[in-house]
Amino acid sequence: MDISSKIFVVNDDPSSRIIVVDDEPRMRDSLKFLIEQNGSRTVRTAENGLEALKALQEDQFDLFLIDINMPEMNGFELMEQILSQAPDAVLVMMTGEATVESAVNALKNGAYDYLRKPFDDTDLIKTIDHALAHRTISRKLKRAKTEYQYMVENSPDLIYQLDPEGHFTFLNMAVERLLGYHPKELIGKHYSCIVHEEDQARSKYLFNERRTGDRATNETEIRLVCKPDSTTSSQTPEPFITVELKATGMYEDHKKDRKKKQYIGTYGVARDVSYRKQLETHLYHSQKMEAIGTLAGGIAHDFNNLLMGIQGYASLMMADTSLEHRNYARLMNVEQHIQCGAELTRQLLGFAKDGKYDMRPTDMNHLIKKTASMFGRAKKEIKIRLKFESDLWSTTVDQGQLKQVLLNLYVNAWQAMPGGGEITIGTANVQINEKSAKNLGLKEGNFIKISVTDTGIGMDETVQRRIFEPFFTTKERARGTGLGLASAYGIINNHKGAIKVISRKGYGTTFSLYLPSSNDLIIEEPTCLTPIRPGKETILVVDDEPNILEVTEEMLQSMGYNVLTAVDGREAISVFEQNGHLVDLIILDMIMPGFSGGETFDRIKKIQPGARILLSSGYSIKGEAQKIMDRGCDGFIQKPYNLEKLSAKLHAILGFTETEKEKTVLNMVG
């Protein structure tokens, strides 16, 4: 039996037949009950693809609700089977494991719509209503040519006709929704008036191709420009939309020679795929940034380990060198170069996945004021204007990394104004709704917005598309590495925010940052320097890098601590089993071969639950380190660190030594 004939038999019966295909019994029953309670609809269920295909031999259906993740035959395979026999079938895909890639695949492969579990009852019924309405329109088109106009005018796609010279003779009302033009505004005008300047040559080729034969253009993508200052429903912030174009020539018998065809115009359909392109671009960019982030994290870790050795020995030498000694200034320069190297690794971590590591509730007005003041003192030719929201919401950020983002934007603005100019920095509280959130790649909610606007040379669209790529730069080789905006993008993205740019050649640039608001209380930390405090406790240092093990041992011994060492997790556990009663604290490296830092931590805590452990790593605290911290680790220190930082961390964890406690008690008694 021909399945397509059973599915698409024209039927005036108002009752709709729907089949739900899902391997979860409760989901099938719930959907059946809900759908049948909302309208004259009859629902049949199937627990897998094979059962669904069998049902098609016995019944006819107006709509298919198909779960993607099913055993034996998944939703995509079932959809392919149905569409191969009935290309006009209306299918809605469902999944509880929604990704951008699965959404794009479903829509590209022929699904009408895509639902993410769990979904609201209202959304489900609305989707079903729309899908059935779409099917009804398609059936009416097949039944009666007289209903052609109704179908055309209600189509979500732009439908048009051109005369032999390329002037519009017909456009449906979709052009107003998509581009902002009423059809009457474009009738009689040449099609090129709405084609993006960079796609003019391609559109001309396609139009001329229609003159040579009646074949149709198959899904060619071009950009159409929106009416200036219009508000369209296209889900893209750009002043143009991307359409998937299908066009065919219209011909009639030649008046003089019946064997020839005379070209009389072009018929075409343009489907707005801007949002799909946005999803595809976002997916591609996310995958690329994830790969780069993994690489960047590894480089940062290894580089920080290298810097740790240099930093440690420099700190030891400075501690033994008087201020008057000629080498003291040289050692200071070494430390400055180490800090430059550490800054480079922070930039790498900026666009690495989960690169943030010191999150605190922050008053961004205060942070921006400090960074802008510092930058303004160095660049006297730049005028800086601040336009702050007086009651700005707080946001929880890594202040060091946000300073880096702001300074990168200031420098970028300064370099765009070689003759001087003005930078305007503004803040605002914004509530982002669902539609705006999709355009920004965010979740709806409350955000603070930071805008940095310059009066510089601006950027063209080609540059704007690439500015957030690592190592892309338009500057001379000596003036930039191309990491600044890439790290800014990664930092803001890792803070669950968004960064957007609006620019026009010759008219300046505005970067807008969106950061989630926070209800946490802002606590300003003291800025006083912590002196190096001596200690007499016993510390076990665990690290698989011999140079780090050696320099850390010397740093601890210089402060008076007793030191035990272990080159990996297994040795650390063995040493602790023998000397655990003597060990006051363990400095534990996170990344080691064999037993990792996390495994070693868990084994030591089993031996002695009260063991105090300071986690050390060239990576940031986020990711695996944060998991260890959440299991009860006492602290984290990121490589490279100097004597002052190490001393402060040890004192914070150890507090008073037993001897100091005894002295304190005696003094109180005395």
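Author: Let's take the open sheet: five strands lie in the order S2-S1-S3-S4-S5, with parallel pairing. Strands here are DSSP runs of E with at least two residues, helices are runs of H or I with at least four, and both are numbered from the N terminus. Two strands pair if DSSP finds at least two bridges between them. At the edges sit strand S2 (41-46) and strand S5 (113-116), each of which pairs on one side only. From one strand to the next, the twist averages 20 degrees.

A quick word on the ground rules. This is a predicted model, where local features need pLDDT of at least 70 and side-chain atom pairs count only at pLDDT 80 or more, while totals for chains, interfaces and linings use all residues. Residues are numbered from 1 along each chain as its sequence is written, and side-chain values use heavy atoms, with hydrogens and water left out.

Now zoom in on one pair of strands. Strand S3 (residues 63-67) and strand S4 (residues 91-95) run parallel and are joined by four bridges. Pick out Leu65, and you'll find that its bridge partner in S4 is Val92.

Next, the helices around the sheet. Helix H2 (residues 25-37) packs on the sheet, touching strand S1 (16-21), S2, S3 and S4; contact means heavy atoms within 4.5 Å. The direction of H2 makes about 170 degrees with that of S2. For such angles, axes are lines fitted to C-alpha atoms (for helices, over the stretch in contact), and the angle runs from 0 to 180 degrees between N-to-C directions. Helix H4 (residues 75-85) lies across S1, S3 and S4, and runs at about 170 degrees to S4.

To place the sheet in context, the protein chain's secondary structure comes to 23 helices and 22 strands. Of its 670 residues, 46% count as buried, meaning under 20% relative accessible area with a 1.4 Å probe and protein chains only (exposed is over 50%, partly exposed in between). Among contacts in the protein chain with a separation of 6 or more, 67% come from residues 24 or more positions apart.

One side-chain detail to finish: the charged end of Lys379 sits over the ring of Trp414, 3.7 Å from its centre. That label requires NZ of Lys or CZ of Arg within 6 Å of the ring centre and within 35 degrees of the ring normal. Arg223 does likewise with Phe240, lying over its face at 5.7 Å from the ring centre.
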